[in-house]
Amino acid sequence: PGPVPGELLEIAVRVAREAAATARRMRDEAIGDVQTKSTDTDVVTAADKAVERQVVDALRAVRPDDGVLGEEYGDNAAAVPGAVRWIVDPIDGTVNYLYGLPQYAVSLAAEVDGEVVAGVVRNAATGDEWTATRGGGAWRAGRRLSCSTEAVLGQALIGTGFGYDPRRRAHQGQVFAQMITRVRDIRRMGAASLDLCLAAEGRLDAFFEKGLNPWDYAAGGLIASEAGMVVTGLNGAPAGPEMVLLAPPALFEALHELLTELDASGGP
Ligand code: IPD
C-alpha cells in the first residue's frame with residue numbers, strides 16, 4: 001500500500017509546529033544574517049536556512065527515504081514511483097518576517113507521483129494553522145472550511161503578490177493598475193501560502209499570481225482546492241510558475257477572462 005495521507009499530515013503538522021516555533025523564537029531573539037538572493041529585494045535570513053535545515057532533519061528522522069524540495073536548499077528528490085516528496089517553504093513571507101509583520105508562515109506539503117496529498121500552512125506569528133488531505137477536506141481549528149461563493153467579479157476581493165524581478169514587477173504593476181477598477185479591491189499581504197489559506201476560508205474571494213514556486217503554493221493549493229476552490233493555471237494548464245489562479249467555481253470564468261485580457265501571465 002502507498003503512503004497514507006492522514007499519516008503524512010500528522011508528521012507534517014508536528015514538523016511545521018516545531019519549525020514555526022523556531023522561526024518565531026529567532027524573530028524574537030535574533031534574525032541573524034540577512035542576505036539577498038535573486039535580486040536586491042529578494043532576501044533570505046539565517047532563520048530561513050536554519051528552519052529549513054530543521055524541517056529536513058525532522059523529516060529524515062522519521063522518513064529517511066523520502067525526497068525533499070525546499071526553497072533554500074533545493075531538490076534532492078529521486079523520481080521513484082510511489083515515493084513521497086516533501087515540499088517545504090521554511091518561512092514564506094520573508095519580507096514580512098524581516099519587518100516583524102505578523103504574516104509569515106511555514107508551508108509543508110507531501111506529494112506522491114506529482115500530486116499533493118497532504119499539506120499544512122502555519123502562520124508562525126499568530127499560530128493559525130490550516131491543513132488538508134486530498135479528499136479529506138480543508139480544516140482550521142477543528143472547523144471544515146469552504147471558500148467564498150461570490151459570483152460577481154466587481155464585488156470580489158482578490159489577493160495577489162509580486163515577484164522580486166523588477167521587470168516582472170513592472171508588468172504585474174500594470175495588471176494591478178488595470179484590474180483595480182474592475183474588482184471590489186486587491187490585497188497584497190506578502191505570503192502566498194497564507195493568501196491561499198485565506199481564500200480557502202472565504203477571507204479572499206480569489207487569488208492569482210505569476211511566478212510562484214511550488215513551495216509557495218503546494219500546501220495552500222491543496223487546502224484551497226479542498227475548500228471548494230478551482231485551483232489552476234490559465235487556459236487549462238495546471239497551477240504553476242506561469243500562473244496560480246484560484247477562484248470559486250462561480251467566479252472562475254470571469255476572473256480567467258480578465259486575467260487573459262490583461263495578459264497577466266505575460267511579461268518576464
Ligand atoms: C514570496 C511571498 C510573496 C509572493 C512572492 C513569493 P518568500 O515568498 O509568498 O507573497 O508574492 O512571489 O516569492 O520569498 O517570502 O518565501
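Colleague: Domain bounds come from an automatic or database domain assignment, so which domains does that assignment give for this protein?

Modeller: This is a predicted model, and the domain assignment divides the protein into domain 1, covering residues 5–138, and domain 2, covering residues 153–261.

Colleague: How many Å separate the centres of the two domains?

Modeller: Taken over C-alpha atoms, the centres of domain 1 and domain 2 are separated by 21 Å. Contacts between the two involve 32 residues of domain 1 and 23 residues of domain 2. On the side of domain 1 that touches domain 2, the elements giving two or more residues are β3, β5, α3, β6, β7, β8 and β9.

Colleague: And the largest nonpolar core, which residues touch the most other members there?

Modeller: The core has 79 residues, and those touching the most other members are Leu-108, Ala-199, Ala-200, Ile-223 and Leu-246. Helix α1 gives the most to this core, with ten residues. Because domain 1 and domain 2 both give residues to the core, it lies between them.

Colleague: Staying with Ala-200, what does Ala-200 touch if residues up to four places away are not counted?

Modeller: Ala-200 touches Trp-130, Ala-138, Leu-145, Cys-147, Ile-223, Ala-224, Ala-227 and Met-229 on that count. Among these, Ile-223 is also one of the residues that touch the most other members of the core.

Colleague: Switching to the sheet, what is the order of its strands?

Modeller: The sheet is open, has eight strands with mixed pairing, and runs in the order β4-β3-β5-β6-β7-β8-β9-β10. Strands β4 and β10 stand at the edges with a single partner strand each, so one side of each is left without a neighbour in the sheet. Further in, β5 and β6 pair in the antiparallel sense over seven bridges, and Trp-86 stands opposite Ala-110 of β6.

Colleague: How do β8 and β9 pair, parallel or antiparallel?

Modeller: Strands β8 (residues 129–133) and β9 (residues 137–140) are antiparallel and pair over four bridges, with Thr-133 having Gly-137 of β9 as its bridge partner. Three residues lie between the strands of this hairpin, and there Gly-135 takes a positive phi near 85°. Strand β9 is in turn joined to β10 (residues 143–144) by two bridges, again antiparallel, and the bridge partner of Arg-140 in β10 is Arg-143.

Colleague: Which residue takes a positive phi in the hairpin of β9 and β10?

Modeller: That residue is Ala-141, in a hairpin with two residues between the strands. Its phi is near 50°, which is a positive value in a residue other than glycine. Most residues other than glycine have a negative phi. Ala-141 counts as exposed because it has 9 C-beta neighbours inside 10 Å. Asp-263, in the segment after α7 (249–261), also has a positive phi, near 55°, and Asp-263 is partly exposed, with 13 other C-beta atoms within 10 Å.

Colleague: What about Asp-89, buried or exposed?

Modeller: Asp-89, which lies in strand β5, is buried, with 33 other C-beta atoms within 10 Å. Leaving aside neighbours within four places in sequence, Asp-89 is in contact with Glu-71, Ser-107, Ser-193, Trp-215 and Asp-216. Asp-89 and Ala-219 lie 130 residues apart in sequence, while their C-alpha atoms are 9.6 Å apart in space.

Colleague: Last topic, helix α2: how far apart are its end C-alpha atoms?

Modeller: The end C-alpha atoms of α2 (residues 46–62) are 25 Å apart, which agrees with the 24 Å that its 17 residues should span at 1.5 Å a residue. The expected span is 1.5 Å times one less than the number of residues.

Colleague: Which residues of α2 are buried?

Modeller: The buried residues of α2 are Ala-47, Asp-48, Val-51, Glu-52, Val-55 and Leu-59. They cover an arc of only 130° around the axis, which puts them on the same side of α2. An α-helix has 3.6 residues a turn, so residues three or four places apart point the same way. On the other side of α2, Asp-57 and Ala-61 are exposed.

Colleague: What covers the buried residues of α2?

Modeller: The cover includes α1 (5–29), β2 (43–45), β3 (67–70), β5 (84–92), α3 (94–99) and β6 (105–112).

Technical notes: Residues are numbered from 1 along each chain as its sequence is written. This is a predicted model: local features need pLDDT of at least 70, side-chain atom pairs count only at pLDDT 80 or more; totals for chains, interfaces and linings use all residues. Two strands pair if DSSP finds at least two bridges between them. A residue is buried if 20 or more other C-beta atoms lie within 10 Å of its own, exposed if 12 or fewer, and partly exposed in between; C-beta atoms are placed from the backbone. The arc is that of the directions from the helix axis to the C-beta atoms. Two residues are in contact if their C-beta atoms, placed from the backbone, lie within 7 Å. A nonpolar core is a set of buried Ala, Val, Leu, Ile, Met, Phe, Trp, Tyr and Cys residues joined through C-beta atoms within 7 Å. Domain bounds come from an automatic or database domain assignment.
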